[in-house]
Structure formats: structure tokens, C-alpha cells
Amino acid sequence: MQPSSPTTSTVLTSPTYDVPDAQAANELFQDNGWTDGLPIVPPTEPLVLAFLAAGDCTSADVIGIEPVRRRRITAEKVAIAAVMAGATPACMPAIIAAIRAMCEPSYNLHGSTASTGGAAPLVIINGPIRTALGMNATHNALGNGARANATIGRTLRLFILNVLGGHPGQLDRSTLGHPGKYTYCVAEDEEGSPWLPLAQERGIPAGTSAVTVMAAGAPHQILNEWTHDPREILDTYAAAIRANMLTYSIWDGNYAIVIAKQHQDIFAAATWSKQNIRDYMFDRCWVRRKEWRDVGKAAVAGRKDEEQVYRAFIAPENLLVVAAGGPAGGFGAIIPPWIGNKSMAVTMAIDAQ
């Protein structure tokens, strides 16, 4: 059965379609390229209105403007994406804050969406909203399992598809992409961490919920469970960052490192703060141009001074240190930037708690 021709709601501005059931709605969205390939929750008018109410928005409120093409992003379109992603209305304040952060010029939403580099918006959430939404920050922290983690990240992808036109092979020119382009969202384990939360370090008042959004490549998991020396553990993280600099991009930007509980405990026992970690990593995360010769890039290594030093980040503060992950195993991860400082991470408070 074919859907009827689109009509317009008396409340919302988006076209509406009459279909017999949810399966037909999914087929309609799939056929029109309105989804990421996974099934969606049909965005009915009552659901969209419930999400708008949860975000304290009207349908016409402008959440942000994409700086390059000047696309106005209305709350209605964001609410539709959130419903489709399977989020709950309580997720709306975090989603709105994430999209506002992505609209900051320093994030470079258009460039990171259109690039062949295949970045995805990584969302890191801090504050009371994590527990209110039941977000996961421990076991399988970067993987599946928690509805809020999964659907907040997925909302951003559906928003990029349907509001910005970021369809693969069209605006989105990613050569490979990575699974984070379905969803890429983690909560920081503030309760189990010995450190200040990331958002608080980046200027958000204590006790305030916030999002940090970074245009990011895929996570690279590391393992070191053979030492209790913080320097040796960080040398393993630094080696993964240097490898990324040589095999992908030598340009500086934001990197994130995700430190799970076993490594956190070692740092805490040695009274190492996040600032100590950043300072040490700043000193270790650099390469010389001539090292490109060792990874098959001799053709470009000699175009400039081969002794020139390139740092992963131009200041220690550009390294994001995130406490998350399960309690067992000497694991962590480095998360590289899209491509150097063409995009920088943005932290923004969530208006509603």
C-alpha cells in the first residue's frame, strides 16, 4: 500500500504521511533515504510535540545555524530526529546542547560532515543528566547497551542526514567512515573517577550537566597491565597517538583518551591528576617529519625540513581526558581528531537538568 500524498499539520511545518502501520512507515523512510539504514520510530505528531515540550521549545525555535551554508536548524527538525532515533523525551535537552555545540564555528560542522576523512560527532556527557537518563559509563562504555547513549548519538546522525543533507556519496564524501557514524556517545564515570569531570575542567560549573562534542575518528583500544608506573602506562597511550600521526595526520588538534578503572586506580595511587596526564602526554606525543619515511610516505617526507617536529596538540589542554570503562583489564583508548585543528571540541552546558 502506497502512502498518501504529504499534507501539512496544523501545528508542525513538516510534511505528514498517512501509512497503515509502523512497518509501512519504516519502508517509506528507507525508500526516501531518511534513515541511517536501521529501523526508526515513526515520528508522529504527538511524539514530536512531547519532545518539543521536554526541550522547552516551540516547533519554530531555532536551535542553531550551520555556519557555512547558513542552514537554520529548528527544534521541530531536531525533535523529529530524536523520535526517529528511539530516544526518550528526557534526552532532548542533551541533544539540543550537542547540536548547539556543533553549530559553533570552531567545530566546523560542514567540513567534518563533507570530508573524505569520515569523522563522526563524538558526544561526551557530564553532570546529573547522566544518571537521570540511565547512561552507561562503565562496562562496554563505548559500545552498545544503554538506550540514552545509543539514541543521543544516533539523533545527531539522523539530524545530519535529514537537515544538513549529509547523505553518503552526496554531501558526505567519506571514503570509509566508521561505526561511530551510527552513534558515538559516552558518559563520563564521575562517581568512580578520582578526577574532576571533563566539562568542569573546561569551564562548566560543578553540578551542571554538559556535553562536549568532538569531530572524531574511530577509537583505538590500547592495553598495558604489566606496570604500575603512570609514565609507562601513558607511554602506551602516546605510542597509539604517534602511530595515528604517522599513518593518518600529523596535524595538531584535539585528541581524547578514555581511561578505564584499572588505569585510573594506578594514577590515583600515584596522585596523578588529569593535568599531570595532559602535561606528560604533551611531552610525549610528537613526531619528526622524517619518520614518515618509515611508514611509506617518503614521497612527502622530504618536501620540508625533515627534522621539523609536529605535536599532536599545541597545548596540554587540547587533550581531553575521559574517565570511563569497566573495572577489570588494563585497557584504555585513544580517539583521534577528524583532521588536526580544522575542527576543535566544543563544550556546552545543558539548559534543563
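The model is predicted, with local features needing pLDDT of at least 70 and side-chain atom pairs counting only at pLDDT 80 or more, while totals for chains, interfaces and linings use all residues. Residues are numbered from 1 along each chain as its sequence is written, and side-chain values use heavy atoms, without hydrogens and water.

**View 1. Packing of helices H3 and H7.** The axes of H3 (residues 75-85) and H7 (residues 147-162) are 8 Å apart and form an angle of about 125°; the two helices are therefore oblique to each other. Residues in contact (heavy atoms within 4.5 Å) include Val78 and Met84 of H3 and Leu158 and Phe159 of H7.

View 2. Five of the five residues of E12 (residues 319-323) are buried, so the strand is largely enclosed by the rest of the structure. Buried denotes under 20% relative accessible area, exposed over 50%, and partly exposed in between (1.4 Å probe, protein chains only). Leu319, Val321 and Ala323 point one way, and Leu320 and Val322 the other. E12 pairs with E9 (residues 255-259) in the parallel sense over five bridges, pairing requiring at least two DSSP bridges. Isoleucine 257 has valine 321 as its bridge partner.

**View 3. Surroundings of asparagine 254.** Asparagine 254 lies in the loop between helix H9 (230-247) and E9 and, at 3% relative accessibility, counts as buried. Its side chain reaches the backbone nitrogen of alanine 345 at 2.7 Å, and a polar atom of that side chain lies 2.9 Å from the backbone oxygen of asparagine 318.

Methods: Helices (H or I, at least four residues) and strands (E, at least two) are DSSP runs, numbered from the N terminus. A polar contact is a pair of N or O atoms within 3.5 Å; within protein, one must be able to donate a hydrogen and the other to accept it, and residues adjacent in sequence count only if both atoms are side-chain atoms. Axes are lines fitted to C-alpha atoms, for helices over the stretch in contact, and angles run from 0 to 180 degrees between N-to-C directions. Angles under 35 degrees count as roughly parallel, over 145 as roughly antiparallel, 65 to 115 as roughly perpendicular and the rest as oblique.
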